[in-house]
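Trainee: Please take me through the terms used for this structure, and for each of them show me how a value leads to the word.

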Amino acid sequence: MHPMSPHSTHKSIAVLPLANSSGQEEHEYLCDGMTESLLHALTRVEGLRVTSRTSSFFFKGKQVPLVEIGQQLGVSTILEGNIQIRASQLRITLRLIDITEDYTFWSETYQRSMDDLFAVQEEIGQQTAERLREHLGHFDLAPPESTTVPIPVDAYKKYLKSRYHMLKMNEGEIRKGLAILEDLVKEVPTYPYAYLGLHMGYTLLGTLGYMASGEAFRKGTPYLEQAIVLDESLPECQLQLAWMSFLERWDLDETYRHLQVVRHKQPIVDFYQTMTSVIITERKYKAAMHYIDTALLMDPFSEVTHHLKGFVHYVQEQYEEANVYFQQSRTLKADTELSLIEWGQSLILLERPDEALQHFQGLTSSTDPIMVDGGLALAYTALKQEAQANIHRKKVLAAMDTDQTGRALQMLILVESFRGGHDQALTYIARAIEMRLPILVYLKIDPFLKPLHKHPGFAPLMDQVLGTPSTFHLADRKYKKSLLSKDVIPDLRKKLLYWMEDHQPFLDPHLTLKALAEQIQLPPNQLSQLLNESFEQNFSDFVNAYRLEIFKEKIANPQNQHLTLLALAYESGFNSKTVFNTYFKKATGLTPRAYQKEMSKP
C-alpha cells in the first residue's frame, strides 16, 4: 500500500532571536541566551548546516517576512519563537517553518520554572533536532549533553547578561559585561565560559581601539589560560590557542594542531574564518577560498566573513573583486575598520589614487586616526603630492611615542615601502618583530609590499615570522560509518512495512520517529537511516503517505459525507491543518477541496 515518493531537502536552518514577550527589557538577555543555546545544540548535529549567530541576529527587531529571511540566509528551515517570563516561570513557544513550502511543520510550548532552565534548554535542543530529522531527512543524533548543571541558575543568568552587553561591541557595554564576569568568577571560579568571556572582552577592547592592544592582551591572557586549565577541549579554547600559536608564537604546525581539534569536535563558523586567515599565509589560495566560502554559507551577514573573502581576492591581486566584498563588509557594519586599509590600497594598485584619497577622506572622525593618516599618506604619495603626504606621515610618526606604537608601525611599514624608503621600512619591520606584532604574518603575501619583497634584507627578517613551512596534515573530518549494513536492510524494511500495515501507528497524530523506533525495537538513528536509504524519504513524508491513503479511503466512503475534510484528515492521523494541506498538495498536485470535486464527478 505504501506509495514511494522520493524527496530530498537541503539540510539547513537559521535560529532567529527568540522574541521577548515579557514586556520587560531586562529579560532580553535571557532570550538571546536561549537562542544561543539552541544554536549551540543544533551545531552539534552532524550534517546540518546552521546559520551562525551574527547572521541570525542580523534580523533581530526587523519586520522581514520569514520566507524572505530564509531566502537571504540560504536555508530551508527557520526556527523562531518567543519567551515570556512571569516571576519565576518560563513560557517558551517555538515554531519550525519550512521555507520552501512556507508552512509551520512543528510548534511546541514549554512551561517551566526558572530553576529548570538548564534542563529545558537541553530538552528543547534535543526535541528540535529530532523534529528537524523527521522533516529534513536522515542525520545521526548524538546523545544529549550531560545534564550536570555546571553553574547555579542565577549565576548562569549573570553570564548571559554579560554576553548581552559585550556583544553590543561598544566600550561602555563591553566594560559592563566585564564587570559582571569579574564578579562571576569570584562567585563560581570553576566555570570556563566566564573566563573565556573575560578574555573575549579584553580582546575586544584591544582590537576595537578602546584600550592599548598590548595592555588588553596582557590582561586577557590569564583568563584564557584559566579557561584552558578548566576545560581545554572546548572549541573556543582551542580556537584561542590556535590564534596564540599563529599570531604570537608564529608556529604553523601548532596552530593547525589546535584547529584540527576544533575540526573534529565542532567546526563552528569561527573555524572556517580562522582557517582562511591562517592557510592564506602559505599562499594556499584555493583552500582559503574553500574555507571562506563555507563560512559565507554559515554566516552570510558577517562583516568579518566578507572582509576575509575580500582579502583572499586582494592577496591574489584581484582588486575589483576584493573591493566588492570590502564594501559589503562596511555596509553590514558601518563602523567596522576591518577592510579600510586594503580597500584603499586596492584603489591605489588599480591606479585610481583620486578614489583612494576620497576613500580615506570620507572616513568618519571615529575611525582610528593613525589608519586615516597612514591611508592619506599613501593616497597623496600615489598622487605625487609629497608635501601633503609628509604632513600625514609625520602624524603617524608622532604616534610612535604613544601607546599606539604597534598601529603606527603597521602604517609606517606600508608608507615607507610605497614611497621607496625600503631600508627604513625594514627597520620598522625589525622593530615590529621585537614587539611580535600580529600583522607581520601577512607581510609576505601583501601585494602592496611587492617592491619591498625584492630587497635582500626582507627575506632574512621574514624567516623569523612563520619562516618554517608547516608539515602538519590537516586531516578530513572522520564521519561515522553507516549504522546499518546492506545485508540487514531488506529484513528491516519488511519488518517496518509489516508494522505500518498491521498496527497502523500513523493514526497517532503525535507519532514521532523515536516512538516508532521503540515500537519496532530499532535505535532511532538506524530507523532514520533505513527510511533514507531504503525508502528515500524522511520520516514525515513516510508517515504522511500512509495517512494520505487512509484519508482517500475515508473521503471515498459515502458514510463520511457528513464530516468535513479537516475532520477526516484528523481521523487519518494528521495533526495540523497546515501540514495536511501542504502535504496533500505536494503529493497529489491538488488541494483537498479540488480532489474532492474530482472524486465527485460522474
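Mentor: Let us begin with the elements: a helix is a DSSP run of H or I with at least four residues, a strand is a run of E with at least two, and both kinds are numbered from the N terminus. Everything that follows concerns a predicted model. By that definition there are 29 helices and six strands in the protein chain, whose C-alpha trace spans about 95 × 55 × 50 Å along its principal axes.

Trainee: What makes α15 mostly covered?

Mentor: A residue counts as buried when its relative accessible area is under 20%, and in α15, which runs over residues 340–349, nine of the ten residues are buried. They are Leu340, Ile341, Glu342, Trp343, Gly344, Gln345, Ser346, Leu347 and Ile348, and what covers them includes α13 (303–315), α14 (319–332), α16 (353–361), α17 (369–382) and α19 (405–418). For the protein chain as a whole, buried residues make up 52% of the 602 residues.

Trainee: Why is Thr255 called buried?

Mentor: Thr255 has a relative accessible area of 0%, so it is buried. The residue is found in helix α10, residues 252–265, and, leaving aside residues up to four places away in sequence, Thr255 touches Ala242, Ser245, Phe246 and Val278.

Trainee: Why does Ser245 count as buried?

Mentor: The relative accessibility of Ser245 is 0%, and therefore Ser245 counts as buried. Its place is in helix α9, residues 235–248; with residues up to four places away in sequence not counted, Ser245 touches Trp250, Asp251, Glu254, Thr255 and His258.

Trainee: Why is Pro267 called buried?

Mentor: Pro267 has a relative accessible area of 12%, so it is buried, since the word asks for a value under 20%. Pro267 is found in the loop between α10 and α11 (269–279). The C-alpha atoms of Pro267 and Gln238 are separated by 11 Å, with the two residues 29 apart along the chain.

Trainee: Why is β4 described as largely enclosed by the rest of the structure?

Mentor: Seven of the ten residues of β4 are buried, so the strand is largely enclosed by the rest of the structure.

Trainee: How do you know that β4 and β5 pair, and in which sense do they run?

Mentor: Pairing requires at least two bridges found by DSSP, and ten bridges join β4 to β5 (residues 89–98), which run antiparallel. Within that pairing, the bridge partner of Gly81 is Leu94 in β5. The hairpin of these strands has two residues between them, and in it Ala87 takes a positive phi near 55°.

Trainee: Which sense describes the pairing of β1 with β4, and over how many bridges?

Mentor: β1 and β4 (residues 77–86) pair in the parallel sense over three bridges, and in β4 the bridge partner of Ala14 is Ile78, while that of Ile13 is Thr77. β1 also pairs with β3 (residues 49–50), again in the parallel sense, over two bridges, where Ile13 stands opposite Val50. Two bridges join β2 (residues 19–20) to β4, and these strands run parallel, with Ala19 opposite Asn82.

Trainee: Which residues of β1 point one way and which the other?

Mentor: Ser12 and Ala14 point one way, Ile13 and Val15 point the other way, and all of them are buried.

Trainee: What makes a set of residues a nonpolar core, and which members of the largest one touch the most other members?

Mentor: A nonpolar core consists of buried Ala, Val, Leu, Ile, Met, Phe, Trp, Tyr and Cys residues joined through side-chain atoms within 4.5 Å. The largest such core holds 81 residues, of which Ile280, Ile429 and Leu440 touch the most other members. Its largest share, eight residues, comes from α17. Apart from this core lies another, of 66 residues, among them Leu39, Ala155, Leu184 and Tyr191. In soluble globular proteins, nonpolar side chains tend to be buried together.

Trainee: What does Ile280 touch, not counting residues up to four places away in sequence?

Mentor: Ile280 touches Met275, Tyr285, Ala288, Phe311, Val312, Val315, Tyr442 and Ile445. For the protein chain, among contacts between residues at least 6 apart in sequence, 63% join residues at least 24 apart.

How values were computed: Residues are numbered from 1 along each chain as its sequence is written. This is a predicted model: local features need pLDDT of at least 70, side-chain atom pairs count only at pLDDT 80 or more; totals for chains, interfaces and linings use all residues. Side-chain values use heavy atoms; hydrogens and water are left out. Buried means under 20% relative accessible area, exposed over 50%, partly exposed in between (1.4 Å probe, protein chains only). Contact means heavy atoms within 4.5 Å.
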